[in-house]
Every structure is written in structure tokens, then in C-alpha cells.
Amino acid sequence: MRISDFLKLRLPERKTVNDPADIEDLTFDMEKLDAEAVRQKLIDDNLQRDKVENTAFNAHKIASILDHPDNSVTDAKIGERSIGSTKGLLQPLFTAIANVITAIVGGTEWNSVPDTTLKSAKLHMDSKENPHSISANQIGAYTKSEADVKCKAIQDDVTAHKANTGNPHVTTAEQTGAYTKQQVDNKFAAIPKATASIDGLQTKENVADVNANTANRHNHNNKAVL
């Protein structure tokens with residue numbers, strides 16, 4: 001007896017004349033063949049079912065309108081999905097996104113027309129041209145004309161002060177390193193009268209005598225002849 005390679009059937013040795021077929025071997029082989037036939041049928045059935053299902057699935061995929069009954073595809077069937085770090089069913093995720101967009105838009109619905117765009121808001125933020133028309137008074141400042149008036153008044157005061165020769169700072173003789181009139185008078189008063197032996201101030205009589213002597217002195221007009 002020999003054994004087949006694939007089904008492992010019990011086969012008689014053909015080269016051996018005295019190797020008759022055994023009924024048990026034949027029964028064993030028949031059962032093997034029947035089991036294999038059943039197995040092959042199951043494979044064929046599965047292949048056919050897969051073919052049918054694939055055909056239906058492909059038709060479902062390319063259908064222009066989903067061939068599902070209304071409301072038969074639910075969030076629960078689709079399952080949870082993730083957007084960034086947030087995970088959940090589709091409807092709650094969509095609602096959260098709509099709420100954020102509504103807050104950004106500033107309307108009552110996510111698809112409300114916004115009062116402005118992000119581009120316009122950025123241009124407004126970056127503007128250095130006083131987009132709010134703020135006045136000098138609002139920020140506690142003078143206008144240019146007001147500032148010019150005040151500056152002119154100050155300049156006029158400075159000009160008038162510079163031209164003032166009436167000692168506007170009330171400067172004293174001591175501050176300038178000088179003597180006062182009284183100090184000078186006191187110093188002169190302290191000088192004694194001149195005498196024959198002491199230098200000092202001349203009296204009016206001395207001055208008169210000097211003047212008279214000068215007028216009466218002998219004057220030679222003919223010095224060259226003499």
C-alpha cells in the first residue's frame with residue numbers, strides 16, 4: 001500500500017502483483033474524497049457569496065445616492081472620531097465646532113455673516129493712522145494750535161525777561177562780588193584827612209590852594225631864548 005501525496009489516500013502498490021485492494025482502504029479513501037468534496041463546496045460557496053457581496057458593495061460605493069434607509073446611519077454606527085485632542089461622536093464634535101465658529105463670528109449662528117473679517121481686523125490692529133479718531137482732549141494732550149499758543153507765550157516772556165535791565169532777579173552787590181554804595185561810603189569815610197606828615201584825603205581848602213598855586217605859577221614862553 002502506498003499513500004497519496006495530497007489527500008493521503010490508501011492506494012495499492014501497482015508494481016506489486018500480490019497487493020489486492022482492501023475494502024477498508026477503499027472505504028477510507030471514499031470518506032476522504034467525500035470530505036474533500038464537502039470542503040471544496042464550502043470554498044466554492046464562500047467564493048460565490050464573496051463575489052455577490054463584492055458586486056453589491058462596489059455598486060453601493062459608486063451609487064450617486066446612498067442606498068441606505070433614512071436615519072439608518074447613526075453616530076453610534078459610525079463610531080467616535082478625533083479632531084485634534086478632542087474625541088467623540090460626530091454630532092457633538094460638529095456642535096462644538098459650530099459653537100466656536102459662532103463665537104468668532106459674533107452672530108447667533110455659525111453661518112452668520114460676520115461684521116468684519118480677520119484680515120480687516122488685522123489691518124485695523126496694525127494701523128498707526130488713529131483708526132478710532134482719538135482727539136488730543138481725550139488723551140489729556142494739547143492740540144498743535146494750543147501748544148503753539150502756549151509756547152509763544154513762554155517765548156514772549158523769555159524775550160521780555162532778557163530785555164529787562166531792571167534787575168529782575170534782585171541780584172545783590174555781594175552776589176556779583178562788589179561793594180554796596182554804603183560800604184564804599186564807609187570806606188571813604190574811614191580815610192583820614194591829609195596832613196604834612198600823613199597821606200589822606202585833601203580838604204577843600206587844600207584843593208583851593210593847589211588850584212591857586214597852579215594858576216599863579218611863573219610861565220616862561222621864551223624858554224628857547226633863555
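Me: In which helix is the place of Glu36?
Reply: This is a predicted model, where local features need pLDDT of at least 70, side-chain atom pairs count only at pLDDT 80 or more, and totals for chains, interfaces and linings use all residues. Residues are numbered from 1 along each chain as its sequence is written, and side-chain values use heavy atoms, with hydrogens and water left out. Helices are DSSP runs of H or I of at least four residues, numbered from the N terminus. Residues 23-61 make up the helix that holds Glu36, namely α1.

Me: Is Glu36 buried or exposed?
Reply: Buried means under 20% relative accessible area, exposed over 50%, and partly exposed in between (1.4 Å probe, protein chains only). The relative accessible area of Glu36 is 15%, so Glu36 is buried.

Me: Which residues is Glu36 in contact with, leaving aside its neighbours within four places in sequence?
Reply: Contact means heavy atoms within 4.5 Å. With those neighbours left aside, the residues in contact with Glu36 are Phe6 and Leu7.

Me: Is Ile97 buried, partly exposed or exposed?
Reply: Ile97 is found in helix α3, which spans residues 90-105. Its relative accessible area is 37%, so Ile97 is partly exposed.

Terms used:
Helices (H or I, at least four residues) and strands (E, at least two) are DSSP runs, numbered from the N terminus.
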